[in-house]
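Please keep the sequence and the model in view while reading.

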Amino acid sequence: SQFLIEIKNLKKYFPVKKGIFKTSSSYVKAVDDVSFEIKKGETLGLVGESGCGKTTCGRTILKLYEPTSGKIIYDGKDITKLSVNQMLSYRRKMQIIFQDPYASLDARMTVGDIVGEAIDIHNLMGKKERNERVQYLLQRVGLNSEHANRYPHEFSGGQRQRIGIARALAVQPEFIVCDEPISALDVSIQAQVVNMLEDLQGDLGLTYLFIAHDLSMVKHISNRVGVMYLGKLVELAASNELYKNPQHPYTQALLSAIPVPDPDMAEERKRIILEGEIPSPIDPPEGCRFKGRCRFAKPICSKENPVFKDLGGEHYVACHLFD
Ligand code: SF4
């Protein structure tokens, strides 16, 4: 199969108690019936405002959260129901790089132990070989092999993110969820980290799910981009196509917020200000979840949930304007 990851009708609901007596349960529908595939060797970008479910989606694919329903297929094998033990060999193949390089590294561990931890957990090699591999990995991400004996607080944000990347690479993964890996970094450092992730992908044949809140951050690294809104995937297309030809009203609004360097384009792409509140993801109402903020909403939008439609050329959109 050309796909490394296939998710089918994936749902992840978190129960919340409500009411004074906290007897009735409601659900935060963080990921609500999302389906997509990631091809081997590609980068799929996943974007949307905070709270849209993109991070939960990435973590559920890795089974860091148990899916509520739906299917996760890894390289043709259904891993949805695998136990923790059965998941072990997949854990090695599927890694994550976290958003916050300050919070995600254990301050009491040396950099060498942080990077080497997964090698030890999976019992992959002896001490000497392991230490050599850690030194190699640190060099690979642009650090120094002597850094292995130092502690995270001695490093800048960009360097810490490199340590996080070395840690993810330690066990030779095939698939990495990059969970907003550059959002917390200085703008001057962001491009360096993205370029490094691209180089590593080419050299090691990696497949990425690249999560970001901003479309401009995923544009260059992604082959295709999916847009999420309140637990739903609303549009998916090749990166260039999505930027040139956004179809969903929400994608159009997101894109209009990005400054365009070309003044001719700026005329065409007028800033669309989104009106209305982002609805709560707790027990969301029927119909299109974007309806309260959509300039084109019509009666059917309040009644029926729009289904994902193929516009041709691998461009998909979920909106009643295309019925
Ligand atoms: Fe707007 Fe209706 Fe399309 Fe939702 S389905 S984005 S409310 S037009």
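## Helix packing, ligand shell and selected residues

The axes of helix 3 and helix 4 cross at roughly 120° and come within 9 Å of each other, where axes are lines fitted to C-alpha atoms, for helices over the stretch in contact, and angles run from 0 to 180 degrees between N-to-C directions. This is a predicted model, in which local features need pLDDT of at least 70 and side-chain atom pairs count only at pLDDT 80 or more, while totals for chains, interfaces and linings use all residues. Residues are numbered from 1 along each chain as its sequence is written. Helices (H or I, at least four residues) and strands (E, at least two) are DSSP runs, numbered from the N terminus.

**Helix 3 with helix 4**

- Helix 3 and helix 4 are therefore oblique to each other, given that angles under 35 degrees count as roughly parallel, over 145 as roughly antiparallel, 65 to 115 as roughly perpendicular and the rest as oblique.
- The crossing of helix 3 and helix 4 is right-handed; a crossing is left-handed if the near helix is turned anticlockwise from the far one by less than a right angle, and right-handed if clockwise.
- On the helix 3 side the contact involves Gly-112, Val-115, Gly-116 and Ile-119, which meet Arg-130, Asn-131, Arg-133, Val-134, Leu-137 and Leu-138 of helix 4, two residues being in contact if their C-beta atoms, placed from the backbone, lie within 7 Å.
- By class, the contact of helix 3 with helix 4 has five nonpolar, three polar and two charged residues; Ala, Val, Leu, Ile, Met, Phe, Trp, Tyr, Cys and Pro count as nonpolar, Asp, Glu, Lys and Arg as charged, and the others, Gly among them, as polar.

**Helix 5 and its partners**

- The axes of helix 3 and helix 5 cross at roughly 30° and come within 7 Å, and that makes the two helices roughly parallel.
- Val-111, Ile-114, Val-115 and Ala-118 of helix 3 make this contact with Ile-163, Ala-166 and Arg-167 of helix 5, and the residues divide into six nonpolar, no polar and one charged.
- Helix 5 (residues 157–169) also packs with helix 6 (residues 187–204), at an angle of about 20° and with the axes 10 Å apart, so helix 5 and helix 6 are roughly parallel to each other.
- The crossing of helix 5 and helix 6 is right-handed, and Gly-157, Gly-158 and Gln-161 in helix 5 meet Ile-189, Gln-192 and Val-193 in helix 6.
- This contact of helix 5 with helix 6 comprises two nonpolar, four polar and no charged residues.

- Around the ligand are Pro-249, Cys-288, Phe-290, Lys-291, Cys-294, Phe-296, Ala-297, Cys-301, Pro-306, Cys-319, His-320 and Leu-321, a residue being near a molecule or strand if its C-beta atom, placed from the backbone, lies within 6 Å of it.
- The shell around the ligand divides into 10 nonpolar residues, one polar and one charged.
- Pro-249 is also one of the buried residues of helix 9 (residues 249–256), together with Tyr-250, Thr-251, Leu-254 and Leu-255; a residue is buried if 20 or more other C-beta atoms lie within 10 Å of its own, exposed if 12 or fewer, and partly exposed in between, with C-beta atoms placed from the backbone.
- The buried residues of helix 9 pack against helix 7 (215–218), strand 9 (224–229), strand 10 (232–238) and helix 8 (239–244).

**Residues with positive phi**

- Most residues other than glycine have a negative phi.
- Lys-63, in the loop between helix 1 (54–61) and strand 4 (69–74), has a positive phi, near 60°, and is partly exposed, with 19 other C-beta atoms within 10 Å.
- Asn-123, in the loop between helix 3 (111–121) and helix 4 (127–140), likewise has a positive phi, near 55°, and is exposed, with 7 other C-beta atoms within 10 Å.

**Selected single residues**

- Leu-10, found in strand 1 (residues 3–18), counts as buried because it has 24 C-beta neighbours inside 10 Å.
- Leaving aside neighbours within four places in sequence, Leu-10 is in contact with Val-31, Val-34, Ser-35, Thr-60, Pro-67, Gly-70 and Ile-72.
- Gly-276 lies in the loop between helix 10 (263–268) and helix 11 (299–303) and is exposed, with 10 other C-beta atoms within 10 Å.
- The C-alpha atoms of Gly-276 and Arg-293 are separated by 5.1 Å, although the two are 17 residues apart along the chain.
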